[in-house]
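Hi,

Here is the two-chain model I promised to pass on.

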Amino acid sequence: MKRKKLFICLTLILTIALATTLFAGCGNKSASNANQTLIYNLGTDSETIDPALNEAVDGATVIVNAFEGLTRIGDDNNVKPGVAEKWEISSDGTIYTFYLRKDAKWSDGKPVTAKDFEFAWKRALDPKLAASYAFFLTDNIKNAQEYYKGEAQWEDVGIKVKDDYTIEVTLKVPTAFFLQLVAMPIYMPLRQDALEKGGEQWTQSGETYIGNGPFKMVKWTHNDSMEWIKNENYWDAKNVKLSKMTWVMVNEASSALPSWEKGEIDIIESVPPAEAPRLIKEKKLQIIPEIGTYYLYFNTKKAPLNDVRVRKALALAINRQSIKEAVLKTGQIAAYAQVPYGIKESDGKTDFREKAGDLFKEDVNLAKQLLAEAGFPDGKGFPEMTYLYNTNESHKKIAEMIQDMWKKNLGINIKLANQEWKVFQKTRQNGQFDIARGGWIADYVDPMTFLDMFMSDNSFNDGKYTNAQYDALLKEAKVTIDLAKRDQLMHDAEKIIIDEMGICPIYFYVSNMCIQPWIKGVYKTPLATVYFDHAYVDESVKK
Amino acid sequence: MVKYIIKRVISCIITMWAVATITFLLMHAVPGGPFEKEKKIPPEIKKQIEARYNLDKPLWWQYQDYFKHLLKGDFGPSYRYIGRSVNDLIEEGFPVSAQLGGVSVILSLLFGIPFGIISALNQGKWQDNFVMFLATIGITIPSFVLATLLLYFLSFKLGIFPSMRWGTAKHYVLPAIALAATPTAFVSRLTRSSLLDVIRQDYVRTAKAKGIPDKIVVYKHALKNAVIPVITYLGPLVAGILTGSFVIEKIFSIPGMGRQFVESITNRDYTTILGLTIFDSFLLVSFNLLVDILYVVFDPRIKLDN
């Protein structure tokens, strides 16, 4: 009898426990039917939406819609006035004076002042915050690095608040892309009182996540959605048409695409590669240049890869078009240089890549000849080398195609090896590879970000490529005030590294977007952040 | 019984400590730390990040520090999701995974046991063949295939069920079916084979000889013994299913714990890996203990005090 009671008790407890957990989750979510709304798939739950701590593209998309920096990136990719309505640059290119607009307001109606910028930048430079992107300040602003290390006072740092609406920044050296940098999340203003109120969790609730951008994030349900409303206090609110947005976080492309095709989501960014050719044909998939390059590292410290002829032979024997057609189906561009398309020269018009064009041509015969000259006719005697990539289906397919091309075209055998991402990074950093894949997506739009990473002493230079002339050209470019000359120096440097195949470019990245035809004005930058300030629903199309 | 339970609780704690220690050591032995990213940052900044999370301290220090906080029920901050603690991640993810898992467990018992009984009582007949055919399919088809098929037909084609987001009862249907398929098949096979065993035993024959109606013999006498293997299976099943399925949660975009678990490993989110492992092993040892207690209820021959 006792046992029976115990049994009944246990069953009851289990049932109640399961039932309560079940019904707790059954709350209904009501949806309003205001017309100017959209549903966007952010694709993932952001690690952080703190402007100082963010490093990811999804986080940047949240931040650029919730905040606004001194400048902003306009729909033509050029720098536009943001909170700063105008600025002056000293003749030596090191002092920037920004004049803030007086009508810039926070989402709760308080004015945005120069102090809000000072607070944010000082916070970003606080070693205790340990913001990894703090180097965008320490690398550029005078004495910022010394301050970070505790070797200088805040007063010595090149950031001066002249009055509530004027801020002066002194740079270490003239930096051509500084106006772009101040549009980045880490340079956005912050509200001291909101951060103090919210503490470490200030980004978690709409109450303390106070921004000065076109929209206001009101609710963040982790791994599910973010709710947004228009920021009526934004200085340019009259041009913001959307009244509400819902951002969902469906991270499986194969689940998101059917939802988009059914009209449940208005905008998605990634699609399964297998579906891409159909979507491109149906004109549903947009291809947007993304400033990134996929390339191979050659370990230039290892024989025979220390021989320029061998590196060139390997690079010239790859058929990039066929890789593009067989593996990369979402519009990527075969790369014959290191700096991708989409970066303007100093005149603000000419595209850096278009101007220089392709820097090499694939040529199997020349490749064979070079390999023979290096002492490996028809690949004879070529040591067995390994091509290392991080575990991923498309990296694997590319590796297999390249392996096959080298075998067929040059008669050499390469082994393939894959490692889990974090292990792979470590192996590559330690130089324990022959050939390894690499990729780089820029944080700011300037050719330098694709070139200085291969300077001799750069920690990014995993292939240990060294060329004194290359280093000298880039060093000069970094300090020159004559911007046209700077462009030319970078063109010259790029020619050198490609001519010696210090790295071996494969393709330029693109990003994608599928948008419902009635949604207009959504803008995705080459850095893949998405702006909604000019987006609207075109009712005439929807009907 | 009380003595037995106390003994078991102590051994559970030791097991969990061992699991946590081994996980701690393994996790640090794998190359690549939580803050090692492709984009390299200046050394002075990296130093600060490591200092912030005490990663610059010796391993034994980190170990004792972690356990000090653990004893207070604090799993520490997530290294990946800034401003959120591992406790937050569990509080958000576990209810979702547990609700879905709970529904799936109920479904698998609700269908698995009756199917097993039907099958056993009709051994060799078409009912048996049919149920076993379904069970074989249920065991062999991986949950992600079933999930994709369900999603395709019932959501994208017919539009009966939602394909994304989470929150309403409708959202449970497809993932719960996908998640319950394999356990249902397993439970029905277990029930069938053990019921077949039991009904051949002497006491059942005696009961039948006494003229007790078949129904009462099966449901009152045989079934109680026949479900013991099912209960054994139930312990790890419940613990496993409540903590969430990575695949199902990913396919249906469910904000559960299974996804967090797998992602924490690829991110080397040390505190999250440890926290979720400890939480998971806590559930596992608790359910195993519960199962052992349930044995006594179902089979009077089992005594716990030995």
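Below is what I found, starting with conventions and then going from the interface to single residues.

First, the housekeeping. This is a predicted model, so local features need pLDDT of at least 70 and side-chain atom pairs count only at pLDDT 80 or more, while totals for chains, interfaces and linings use all residues. Residues are numbered from 1 along each chain as its sequence is written, chains are lettered from A and ligands numbered from 1 in the order in which they are written, and side-chain values use heavy atoms, with hydrogens and water left out.

**The interface**

Chain A and chain B bury about 5500 Å² between them, 55% of it on carbon and sulfur atoms. Buried area here is the accessible area (1.4 Å probe) that two parts lose on being put together, summed over both. Chain A puts 67 residues into the contact and chain B puts in 57, where contact means heavy atoms within 4.5 Å. Five salt bridges turn up across this interface; the rule asks for a side-chain nitrogen of Lys or Arg within 4 Å of a carboxyl oxygen of Asp or Glu. B:Lys250 also has a salt bridge to A:Glu252, with the closest N and O atoms 3.7 Å apart.

Helix H8 of chain A (residues 253-261) is worth a look too. Helices (H or I, at least four residues) and strands (E, at least two) are DSSP runs, numbered from the N terminus. Seven of the nine residues of H8(A) are buried, meaning under 20% relative accessible area, with exposed being over 50% and partly exposed in between (1.4 Å probe, protein chains only). Among the buried ones are A:Leu257, A:Pro258 and A:Trp260. In chain A they pack against strand S1 (37-41), strand S11 (267-268), helix H9 (276-281) and strand S17 (503-515), and in chain B against helix H6 (143-157) and H11. After H8(A) comes A:Gly263, with a positive phi near 90 degrees.

**A helix pair in chain B**

Helix H4 (residues 86-121) and helix H12 (residues 257-266) of chain B pack at an angle of about 130 degrees, their axes 7 Å apart. Axes are lines fitted to C-alpha atoms, for helices over the stretch in contact, and angles run from 0 to 180 degrees between N-to-C directions. H4(B) and H12(B) are therefore oblique to each other: under 35 degrees counts as roughly parallel, over 145 as roughly antiparallel, 65 to 115 as roughly perpendicular and the rest as oblique. H4(B) brings B:Leu89, B:Ile90, B:Gly93, B:Phe94 and B:Ser97 to the contact, and H12(B) brings B:Met257, B:Gly258 and B:Gln260.

The buried residues of H12(B) include B:Arg259 and B:Phe261. Besides H4, the buried part of H12(B) packs against helix H11 (246-251) and helix H13 (270-298) of chain B. B:Arg268 follows H12(B) and has a positive phi, near 55 degrees.

**Salt bridges**

Over all chains there are 40 salt bridges.

- A:Arg353 pairs with A:Glu494, closest N and O atoms 2.8 Å apart. The pair links distant parts of the chain, H12 (residues 352-356) and H18 (residues 483-499) of chain A, 141 residues apart. A:Arg353 is buried at 1% relative accessibility, and A:Glu494 is buried at 0%.
- A:Asp193 pairs with A:Arg191 at 2.6 Å between the closest N and O atoms. A:Asp193 is partly exposed at 37%, whereas A:Arg191 is buried at 5%.
- A:Lys162 pairs with A:Glu168, closest N and O atoms 3.6 Å apart. A:Lys162 is exposed at 51%, while A:Glu168 is buried at 18%.

What does A:Phe450 touch, not counting residues up to four places away in sequence? The list includes A:Ile291, A:Pro340, A:Ile343 and A:Trp440. A:Phe450 sits in helix H16 (residues 448-451) of chain A and is buried, with a relative accessible area of 0%.

A:Thr170 belongs to strand S7 (residues 166-170) of chain A and is buried as well, at 16%. Leaving aside neighbours within four places in sequence, A:Thr170 is in contact with A:Thr94, A:Ile95, A:Ile141, A:Lys142 and A:Gly158.

Cheers
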